[in-house]
Amino acid sequence: MTLTTRVLIGLVAGLAAGAAIAAYAPGLVPQIIAVAEPAGGLWLDALRMTIIPLVFALLVTGVSQAADTARAGGDAARTLGLFAVLLVASAAFAAIATPALLAIWPAPAEAAQALRAAAHAANGQIPPTPTIEAMLKSFIPTNPVQVAAEGAMAPLVVFALVFGLAATRIAAEHRASLLGFFAAVKDTMMVLVHWVLWAAPFGVFALALVTGARTGLGAVGILGHYVIVVSIMCLSMAAVAVILAVVFGRVPFMAFLRAMIPVEAVAISTQSSLASLPAMLDTAERLGVPDKVRGMVLPMAVALFRMTSPAGNMAVVIYVAHIYGVALSPLVLAVGVLVAATVSLAAVGIASAVTFFTTLGPISMAMGVPMELLPLLLAVETLPDISRTIGNVTADVAVTTMAAEWSLEEDAQEELPVSEGV
């Protein structure tokens with residue numbers, strides 16, 4: 001039984017038990033909440049404990065790897081630049097489209113109000129939106145240790161990026177030792193994360209029990225609404241990827257859709273871009289992508305590029321803010337865009353259950369959005385995860401066709417005869 005299945009069982013059991021207690025034994029609700037809420041909070045705190053060191057280690061190693069790739073120059077550097085642009089664009093799209101979609105189709109009002117009341121009861125006062133001056137000043141950490149201790153993710157992400165880039169400029173033997181240290185930190189924190197996630201069904205049960213006792217079964221409607229909203233954002237990235245392949249990769253629309261059918265089938269069944277790589281290589285070959293291009297770009301895309309990660313993660317955080325009534329200013333959304341695009345590097349190659357908290361934790365902390373709903377959302381992540389994988393594999397093949405077009409143009413320019421006297 002997979003972790004997602006066990007967490008889903010914990011969610012359903014907790015919501016059902018809480019709703020039953022609220023309906024048939026309302027006098028027990030205060031006692032149940034008094035026990036279950038601290039238990040769920042303890043598990044959530046254990047999960048929070050791993051986020052900062054894990055994300056920092058992942059960003060340092062990921063940025064160093066990306067910098068090494070960029071130094072190779074040529075198509076590799078150009079493709080890496082394309083990845084960066086598309087990741088930022090993905091997050092920016094969700095930052096604009098998700099609030100617009102929620103304005104047209106908000107969450108069920110009664111259940112959202114109950115969840116907001118539960119959030120205030122559990123967390124006290126919702127954190128205020130920081131001023132523009134405070135936000136701008138916070139980007140440069142005067143004391144990286146202090147910002148890590150305070151959980152200030154935006155300046156910590158900036159420091160991790162600069163630190164990782166600086167590590168590529170030191171002596172090779174020192175760089176190997178330093179990156180080896182952070183690789184060891186990453187591996188150690190992953191062990192801790194797996195230990196914490198082993199208890200996830202119990203933690204989610206406790207949190208869902210409290211939610212069910214306070215909101216009844218109205219939370220079920222919100223979870224379904226959430227799945228649809230996030231899936232729309234992820235599938236929108238798949239649509240954008242198709243447009244990129246047609247316009248910039250010069251692939252006929254229907255030819256691209258037909259070629260992607262085997263890839264999408266593997267993506268839906270495995271929910272893994274890595275498992276879809278053989279099918280993507282075969283599809284790229286049938287689309288006429290040269291071997292040297294597909295052999296370089298597709299593995300690089302699987303290793304460094306997940307186009308739906310920023311869009312999907314921004315959608316999740318904005319949705320939680322919508323439920324909790326947290327106002328998100330344009331500046332806070334801009335910070336979220338930058339953090340979402342950056343921490344997507346920390347998501348590649350990690351199991352989706354771990355990725356969910358590794359990427360959403362920093363974004364939530366940077367935007368001042370409570371994290372208490374995230375464990376409940378993890379339980380229904382399987383459906384949005386299918387949409388995420390569909391978008392990712394579509395984008396991977398699309399950028400490969402774009403790189404192939406660059407390569408063909410360069411080859412054509414090299415074969416042009418040089419005029420006399422030039």
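Colleague: Which residues are linked in a network of salt bridges here?
Modeller: E285, D291 and R294 are linked that way. A salt bridge here is a side-chain nitrogen of Lys or Arg within 4 Å of a carboxyl oxygen of Asp or Glu. Bear in mind that this is a predicted model, so local features need pLDDT of at least 70 and side-chain atom pairs count only at pLDDT 80 or more, while totals for chains, interfaces and linings use all residues. Residues are numbered from 1 along each chain as its sequence is written, and side-chain values use heavy atoms, with hydrogens and water left out.

Colleague: How far apart are the closest N and O atoms of R294 and E285?
Modeller: They are 3.9 Å apart in that salt bridge.

Colleague: And is R294 buried or exposed?
Modeller: R294 is buried, at 12% relative accessible area. E285 is partly exposed, with 47% relative accessibility. The cut-offs are under 20% relative accessible area for buried, over 50% for exposed, and partly exposed in between (1.4 Å probe, protein chains only).

Colleague: How many salt bridges does the count come to?
Modeller: The count is 5 salt bridges by this rule. One of them pairs the side chains of E405 and R250, at 3.3 Å from N to O. E405 sits in helix α18 (residues 382-415) and R250 in the loop between α10 (218-247) and α11, so the pair ties together parts that are 155 residues apart in sequence. Helices are DSSP runs of H or I with at least four residues, strands are runs of E with at least two, and both are numbered from the N terminus.

Colleague: What else is E405 in contact with, leaving aside neighbours within four places in sequence?
Modeller: F248 and G249 are on the list along with R250. Contact means heavy atoms within 4.5 Å. E405 is buried, with a relative accessible area of 13%, whereas R250 is exposed at 56%.

Colleague: Where do D282 and R286 sit?
Modeller: Both are in helix α12, 4 residues apart, which puts about one helical turn between them.

Colleague: Staying with α12, at what angle do α11 and α12 pack?
Modeller: The angle is about 175°, and the axes are 9 Å apart. That makes α11 and α12 roughly antiparallel to each other. A259, M260, P262, V263 and V266 of α11 make the contact with A279, M280, T283 and R286 of α12. The axes are lines fitted to C-alpha atoms, for helices over the stretch in contact, with angles from 0 to 180 degrees between N-to-C directions. Under 35 degrees counts as roughly parallel, over 145 as roughly antiparallel, 65 to 115 as roughly perpendicular, and the rest as oblique.

Colleague: What lies in the loop between α11 and α12?
Modeller: S276 does, with α11 covering 253-270 and α12 covering 277-286. S276 is buried, at 0% relative accessible area. Not counting residues up to four places away in sequence, S276 touches V263, V266, A267, T270 and V393. S276 and A265 are 11 residues apart in sequence, with their C-alpha atoms 8.9 Å apart.

Colleague: New topic: which residues form a nonpolar patch on the surface?
Modeller: I104, W105, I228 and I232 do, with about 390 Å² of accessible area together. Patch members have over 30% relative accessible area and no salt bridge; nonpolar side chains (Val, Leu, Ile, Met, Phe, Trp, Tyr) are joined within 5 Å, like charges within 9 Å. Areas come from the Shrake-Rupley method with a 1.4 Å probe, and for residues only the protein chains shown count as cover. I104 is in helix α3 (residues 74-104) and counts as exposed, at 71% relative accessibility.

Colleague: And V293, which helix is that in?
Modeller: V293 is in helix α13, residues 291-304. V293 is buried, with 3% relative accessibility. Beyond four places in sequence, V293 is in contact with L298, T400, A403, A404 and S407. S407 is 114 residues from V293 in sequence and 7.7 Å away, C-alpha to C-alpha.

Colleague: Last one: how many helices and strands does the protein chain have?
Modeller: There are 18 helices and 0 strands. Of its 422 residues, 52% count as buried. The accessible surface is about 18200 Å², with 69% of that belonging to carbon and sulfur atoms. Among contacts with a separation of 6 or more, 85% come from residues 24 or more positions apart.
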